Amino acid sequence: MSERLEDIAAALVSGGKGLLAADESTSTIKKRFDAIGLESTEESRRDYREMLFTAEAMSDSISGVILYDETIRQSARDGTPLTDLIRKAGAIPGIKVDEGAKPLANFPGEKVTEGLDGLRERLKDYYARGARFAKWRAVIDIGDGLPTYGAIRANTHALARYAALCQQAGIVPIVEPEVLMDGPNAVHDVKTCYNVTEWTLKTLYEELYLARVTLEGTILKPNMVVAGKDCATQASPEEVVELTVKVFKAAVPVAVPGIAFLSGGQSDELATQHLSLINALGPHPWKITFSYGRALQAAALQAWNGRFENVAAGHRAFNHRARMNALAAKGEWTPELERQAA
Ligand code: 5MM
């Protein structure tokens with residue numbers, strides 16, 4: 001495969017495929033395992049990821065997998081490195097390199113993502129382990145008086161410094177500025193989400209420009225424009241789609257090759273439906289696909305349930321969800337196909 005950043009970025013978002021975000025940190029995967037009553041150990045985490053990466057849909061629907069530090073070093077039960085399983089399926093291994101969102105000093109209720117210290121060296125190591133793209137997630141909270149200019153500036157500046165370091169290391173940066181939809185924010189309607197997303201994206205592209213990042217070798221991983229989870233007035237799918245496309249037209253340069261959405265707490269099917277409607281409105285100047293974590297994995301985790309004898313059931317659930325999202329990446333998903341294929 002070509003090692004040019006532009007080619008790697010294009011491969012990640014083309015061909016109706018999308019990304020599997022399997023980069024849950026140890027504390028997050030523990031929460032997911034707690035929900036099915038499974039103890040989170042190095043071995044159970046490995047077994048779970050091995051189950052995902054050996055599903056058939058990895059070859060037809062997944063372009064790349066975002067891994068966590070522990071996972072990129074792990075091998076399957078038979079000793080095959082997990083990164084080899086991913087490559088064997090024709091997908092590209094990637095790595096989450098941020099060290100999480102921490103309280104932003106002097107900005108109550110807001111966070112900044114850390115992880116820039118030592119990043120140059122870590123990227124070198126991840127490259128040697130086969131990673132050809134990386135991910136850094138910043139979180140933006142909506143609340144009373146939030147977000148602030150300071151928090152948006154600090155988070156997008158860190159994203160730009162991360163992106164520049166990745167490109168120097170031959171790694172495509174996925175930049176993920178997530179405007180959160182969860183949290184007790186009754187004030188958080190779809191219009192507020194639109195305004196905050198536009199503000200965040202415009203600031204992000206200014207920071208990327210100032211950091212001399214080559215946009216052609218990046219991918220954007222954004223939220224869709226949706227109302228907050230606790231907002232009494234939820235937007236219709238048509239409204240979500242219209243506002244999401246509108247905000248990208250206003251704020252995302254066409255030099256960016258692709259946009260790969262996060263699911264952010266949307267239900268599996270709604271995340272698929274929104275993506276499909278967005279693509280059906282195309283053609284757009286960017287490829288638009290998925291980089292889902294929860295919305296790709298939830299059903300597979302339930303079906304697998306931590307048991308070796310359920311690997312086939314886990315595969316079936318993962319194949320279905322991944323294929324529905326691959327259809328959505330082409331704007332071809334319908335509720336009828338969802339039911340027929342289930
Ligand atoms: C898979 O979850 C990722 C890692 O989360 P933590 O650092 O909190 O453990 C997360 O960054 C994920 O890649 C994105 O938020 C997108 O996931 P969703 O579930 O929103 O599609």
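How many cavities of 30 Å³ or more does the structure hold? The structure holds one, where a cavity is a set of points on a 1 Å grid over the protein atoms alone at which a 1.4 Å probe fits but cannot get out. The model is predicted, so local features need pLDDT of at least 70 and side-chain atom pairs count only at pLDDT 80 or more, whereas totals for chains, interfaces and linings use all residues. Residues are numbered from 1 along each chain as its sequence is written, and side-chain values use heavy atoms, with hydrogens and water left out.

Next, select Leu-20, Phe-53, Tyr-162 and Phe-318, which touch the most other members of the 93-residue largest nonpolar core. Such a core is a set of buried (under 20% relative accessible area, 1.4 Å probe, protein chains only) Ala, Val, Leu, Ile, Met, Phe, Trp, Tyr and Cys residues joined through side-chain atoms within 4.5 Å. Apart from it lies another core, of 14 residues, among them Ala-9, Ile-66, Ile-174 and Ala-260.

Finally, select Asp-47, in helix 3 (residues 42–53); helices are DSSP runs (H or I, at least four residues) numbered from the N terminus. Asp-47 is buried, with a relative accessible area of 17%. Leaving aside neighbours within four places in sequence, Asp-47 is in contact (heavy atoms within 4.5 Å) with Arg-77 and Trp-304.

Notes: Helix = DSSP H or I, 4+ residues; strand = E, 2+ residues; numbered from the N terminus. Buried < 20%, exposed > 50% of the residue type's maximum accessible area, 1.4 Å probe, protein only. 1 Å grid on protein atoms, 1.4 Å probe; cavity = no way out; pocket = protein on both sides within 12 Å on 5 of 7 lines; lining within 4 Å. Points joined across faces, edges and corners; volume = space filled by probe spheres on them.
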